[in-house]
Amino acid sequence: MNILVVNCGSSTVKYQLFRMEDEDRHEVLAKGIVERIGIPGSRLECNHSGTLHIEERSVPNHRVALEWVVQVLTGGETRVLGSIKEIEAVGHRVVHGGEKFTGSVVIDEEVLQVIRACADLAPLHNPPNILGIEACRDLMPEVPQVAVFDTAFHGTLPEYAYIYAIPYEYYEKYRIRRYGFHGTSHRYVTERAAKMMGRDVKELRLITCHMGSGVSFTAVLHGKSIDTSMGFTPLEGLVMGTRCGDIDPAIVFSLMKKEGLSAEQVEEILNKRSGVLGISGISSDTRDIEDAAPHNHRARLTLEVIAYRAKKYIGAYYAILGGLDGLVFTAGIGENSSYIRKSICTGLEHLGIFIDDERNTVRRKEAFISRDDSPVKVMVIPTDEELMIARDTWRLVRETR
Ligand code: ADP
């Protein structure tokens, strides 16, 4: 089954075309990205059958971007399909599924309505996801489409983990609660970790650390998410590229009063000017911070804060899991930064976490980085959200055939 996986952001469309033999056997026929949608200088960069191809043209909206994607898949030197008819299903990444979706679903009008209603909870993310679904439906009206939600894996959070201690009426009125994000990534690495450990996921206590420009940790008990660090929005939790993570909420009012800022301005500061960028004043990219650290106090401090806060979450999740079998690092930082992995794990030997320095030099490859005698297995697992979306799409479309 040829499955097109689509991930629409506010100004980007990322895609991958999978040929799925079955849930475990697949080939990636093509992948690429359209950038700067609706902004001058739109471009498409793709890699089809190992050849890099870059093109520029005006792309006013997501629909035109997806038309372009279909064009490069089916024509010219980038062609990997005979025609659009060979696309048998489309899988969409959708950020917010609200309380309704705790798993992936085939999209129909009713599902689309609920995704539209969830846009209120993810005003930056769901609208472009919806545009992508609508564009694909127009381009391929007969082709089944599946939505895979970032929030769905956390649908198993117990009520006491998702309720905030604010007046309950706001949960009832506005559904203000913890939802969690990066669920597709946490689910993927959970499955891979169990495979690597040669154990049934149902007997494992895992902490999965997704550390990219957004960062979230999840406590996974017997294959189910029981708590996660991102909350009502992706702003809560650990230190991120430009987001603050956990802060005292009173800081918001204090900033508003002292600096005469509006709610929107504070929102912008906490989302776009905080985190790694905010502390260091150098960059949101941890590579720049690692480079600057030997001669810059704030860069060193940033790395210390990242590790300290990560340790606190690991300790908290260790407590609620009742112990720990595996700790997983994934996404840009988790897959690449030996330094950050080591600084997080150092000092956690009392929890049974022992890193092997030589193994910890690994990058972007599945590997154990703990010592053989470490009670907790520490793993690096490159995430693959697109594959997870392709698998869910394959399964759901097969079931409905
Ligand atoms: P996104 O969350 O946007 O999908 P990624 O998962 O690709 O992003 O993570 C991007 C981040 O990963 C970068 O901002 C950078 O901080 C970090 N990163 C990527 N490669 C390295 C590296 N070699 N060393 C340290 N950090 C890295």
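A residue counts as buried when its relative accessible area is under 20%, as exposed when that value is over 50%, and as partly exposed in between. This cut-off can be applied to several residues of the structure above, which is a predicted model.

Start with Glu109. Its relative accessibility is 41%, so Glu109 is partly exposed. Arg137 has a relative accessible area of 33% and is therefore partly exposed too. The side chains of Glu109 and Arg137 form a salt bridge, with 2.9 Å from N to O. Because Glu109 belongs to helix α2 (residues 109-118) and Arg137 to helix α3, this pair ties together parts of the chain that are 28 residues apart in sequence.

Helix α3 also packs against another helix. Which angle do helix α1 and helix α3 make where they pack? Helix α1 covers residues 62-74 and helix α3 residues 126-139; the angle is about 50 degrees, and the axes lie 9 Å apart. The crossing of α1 past α3 is right-handed. On the α1 side, the contact is made by His62, Arg63, Leu66, Glu67 and Val70. On the α3 side, Pro128, Leu131, Gly132, Ala135, Cys136, Asp138 and Leu139 take part. Sorted by type, the residues of this contact are seven nonpolar, two polar and three charged.

How many salt bridges does the structure hold? There are 26, and the pair Glu109 and Arg137 is one of them. Another is found between Arg359 and Asp372, whose side chains meet at 2.9 Å, N to O. This pair links distant parts of the chain, 13 residues apart. Arg359 sits in the loop between α13 (338-345) and β13 (367-368), while Asp372 sits in the loop between β13 and β14 (377-380). Are these two residues buried or exposed? Arg359 has a relative accessible area of 29%, so Arg359 is partly exposed. Asp372 reaches 65% relative accessibility and therefore counts as exposed.

Salt bridges can also share partners. In this way Glu23, Arg187, Asp392 and Arg395 are joined into one network.

A further pair is Arg43 and Glu45, which form a salt bridge with their closest N and O atoms 3.3 Å apart. Glu45 has a relative accessibility of 28%, so Glu45 counts as partly exposed.

Terms used. Residues numbered from 1 in each chain as written. Predicted model: local features only at pLDDT ≥ 70, side-chain atom pairs only at ≥ 80, totals over all residues. Heavy atoms only, no water. Axes fitted to C-alpha atoms, helices over the stretch in contact; angles between N-to-C directions. Helix = DSSP H or I, 4+ residues; strand = E, 2+ residues; numbered from the N terminus. Left-handed = near helix turned anticlockwise from the far one by under 90°. Contact = heavy atoms within 4.5 Å. Nonpolar A, V, L, I, M, F, W, Y, C, P; charged D, E, K, R; others polar. Salt bridge = Lys/Arg side-chain N within 4 Å of Asp/Glu carboxyl O. Buried < 20%, exposed > 50% of the residue type's maximum accessible area, 1.4 Å probe, protein only.
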